[in-house]
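This report covers one protein model, from single residues up to the whole chain. Please look at the sequence and structure before reading on.

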Amino acid sequence: MGKRVLLVDDDEKLRKLLKEYLEGYEFDVLTRADGEAVPNTIRKESPEIVILDIMLPKKNGLEVLKEIRTVSQVPVIMLTAKGEEADRVVGLELGADDYLSKPFSPRELLARIKAV
């Protein structure tokens with residue numbers, strides 16, 4: 001397999017669809033339904049990129065992003081329904097490398113992964 005991607009989203013259907021789509025482009029996709037284990041997963045699995053939803057159960061994606069930045073500089077693309085300018089700015093200020101609002105095109109996400 002190719003580059004390792006960590007996809008964190010509570011929407012099971014979306015996780016399955018994106019996993020299948022990205023694997024079609026030779027990505028090795030790890031998935032998580034919430035953010036609690038993300039820093040540990042990054043330490044153990046060394047993904048080359050993280051795709052992170054903001055609205056997650058237990059911990060929101062912005063909290064998870066802060067935790068990621070304490071352990072890694074892995075590129076992070078925020079993928080979320082919260083697409084207002086203020087939301088995007090906060091995500092970028094906290095260390096996200098890119099921000100994509102839902103609904104989105106899987107092809108655009110793929111292009112952004114490759115660009116990051």
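## Backbone exceptions

Ser-46 is partly exposed, with a relative accessible area of 48%; the classes used here are buried (under 20% relative accessible area), exposed (over 50%) and partly exposed in between, with a 1.4 Å probe and protein chains only. Ser-46 sits in the loop between helix 2 (38-45) and strand 3. Its phi is positive, about 50°, although Ser-46 is not a glycine. Glu-26 likewise has a positive phi without being a glycine, at about 70°. The loop that holds Glu-26 runs between helix 1 and strand 2 (28-32), and Glu-26 is exposed, with a relative accessible area of 57%.

A further backbone feature is the cis peptide bond that joins Lys-102 and Pro-103, with omega about -5°. Pro-103 is in the loop between strand 5 and helix 5. As background, most residues other than glycine have a negative phi, and most peptide bonds are trans.

## Basis of the model

The model is predicted: local features need pLDDT of at least 70, side-chain atom pairs count only at pLDDT 80 or more, and totals for chains, interfaces and linings use all residues. Residues are numbered from 1 along each chain as its sequence is written, and side-chain values use heavy atoms, with hydrogens and water left out.

## Order of elements

The protein has five helices and five strands. From the N terminus on, they run β-α-β-α-β-α-β-α-β-α. Helices (H or I, at least four residues) and strands (E, at least two) are DSSP runs, numbered from the N terminus.

## Helix 5

Which residues of helix 5 are buried? In this helix (residues 106-115) they are Leu-109, Leu-110 and Ile-113. Seen down the helix axis, these buried residues fall within an arc of 100°, so they line one face of helix 5; the arc is that of the directions from the helix axis to the C-beta atoms. On the other side of helix 5, Arg-107 and Ala-115 are exposed.

Contact means heavy atoms within 4.5 Å.

## Val-5 in strand 1

Val-5 lies in strand 1 (residues 4-8) and is buried, with a relative accessible area of 0%. Leaving aside neighbours within four places in sequence, Val-5 is in contact with Leu-22, Phe-27, Asp-28, Val-29, Leu-30, Pro-47, Ile-49 and Ile-51. Val-5 and Ile-113 are 108 residues apart in sequence and 9.1 Å apart in space, C-alpha to C-alpha.

## Whole-chain values

With 116 residues, a compact globule would have a radius of gyration near 13 Å, and the protein agrees at 13 Å. The radius is taken over C-alpha atoms, and the globule rule is 2.2 Å times the number of residues to the power 0.38. Along its principal axes the C-alpha trace spans about 35 × 30 × 25 Å. Of the 116 residues, 43% are buried. Among contacts between residues at least 6 apart in sequence, 60% join residues at least 24 apart.

The protein exposes about 6200 Å², and carbon and sulfur atoms supply 47% of it. Accessible areas come from the Shrake-Rupley method with a 1.4 Å probe; for residues, only the protein chains shown count as cover. The mean positions of the 19 positive and 22 negative charges are 3 Å apart. Lys and Arg count as positive and Asp and Glu as negative, while His and the chain ends are not counted; each charge is placed at NZ of Lys, CZ of Arg, CG of Asp or CD of Glu.
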